[in-house]
Amino acid sequence: MGNLRVDKMRVVVVVMIMGWMALYPLLVMGSPIRHKVGGSKGWHPDVNYTDWSSQEKFCVGDWLFFLFDKHYFNVLEVNKTSYENCMDKDFIKNETRGGRDVVELKEARTYYYISGGGYCFHQMKVAVHVEQQHQAAIAPSPVPMESGSLLPSVYTCSWIILAYVLFMSLVSMGNL
């Protein structure tokens, strides 16, 4: 009876460790961030969005949150030339849905957004440079591996070891 208790405890510990390891990539890479465009001022004329965006770090998977009055303003994704010249014709995509609009940053590149109807000339435009991924403060510095290396990562080895320990625990308990 005492042996069964030890085996159950071993399974619980292994499951807890595996759960932590499932969360580890989020801790290392960081979770997506929702950036409120313009900070507390939101998406309105005469806000310096260049200053705002230079203070933020944008990564793939992050979200832009545009908060504005949908009766006056909109959010148009445009190319660089349209952004620089405040041209709201031939936009890439109209992101306007209702004044509380969220846009996912799906790839590493620079995104350009303006508000049409002349509001772009009142500084309602923002360029957002998106990088590949976040680096959390707790993450160790990655050691680059050569392309084609046959060595598996420590993370992969840990999963294999934990799966083996769980399997052996189940076998010793007579469940497999």
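C86 and C120 are joined by a disulfide, with an S to S distance of 2.1 Å; a disulfide here is a pair of cysteine sulfur atoms within 2.5 Å. The structure holds 1 disulfide. The angle about the S-S bond is -65°, which makes the link of C86 and C120 left-handed. Because C86 lies in the loop between α3 (80-85) and β5 (93-94), and C120 in the loop between β7 (110-114) and β8 (125-131), the pair ties together parts that are 34 residues apart in sequence. Helices (H or I, at least four residues) and strands (E, at least two) are DSSP runs, numbered from the N terminus.

This is a predicted model, in which local features need pLDDT of at least 70 and side-chain atom pairs count only at pLDDT 80 or more, while totals for chains, interfaces and linings use all residues. Residues are numbered from 1 along each chain as its sequence is written, and side-chain values use heavy atoms, with hydrogens and water left out.

**Cysteines and Q123**

Buried means under 20% relative accessible area, exposed over 50%, and partly exposed in between (1.4 Å probe, protein chains only).

| Residue | Relative accessible area | Class |
|---|---|---|
| C86 | 12% | buried |
| C120 | 3% | buried |
| C59 | 0% | buried |
| Q123 | 42% | partly exposed |

**Backbone**

Most residues other than glycine have a negative phi. C86, a partner in the disulfide, has a positive phi, near 55°. Q123 also has a positive value, with phi near 75°. This residue lies in the loop between β7 and β8, the loop that holds C120.

**Confidence**

pLDDT is the predictor's confidence in each residue, from 0 to 100. The mean pLDDT of the protein is 80, and 62% of its residues reach 70 or more. Over residues 24-28 the value is below 50, and this stretch has 12 contacts in the model beyond near neighbours in sequence. A contact means heavy atoms within 4.5 Å. Over residues 137-151 pLDDT likewise stays under 50, and the model has 4 contacts for them beyond four places in sequence.
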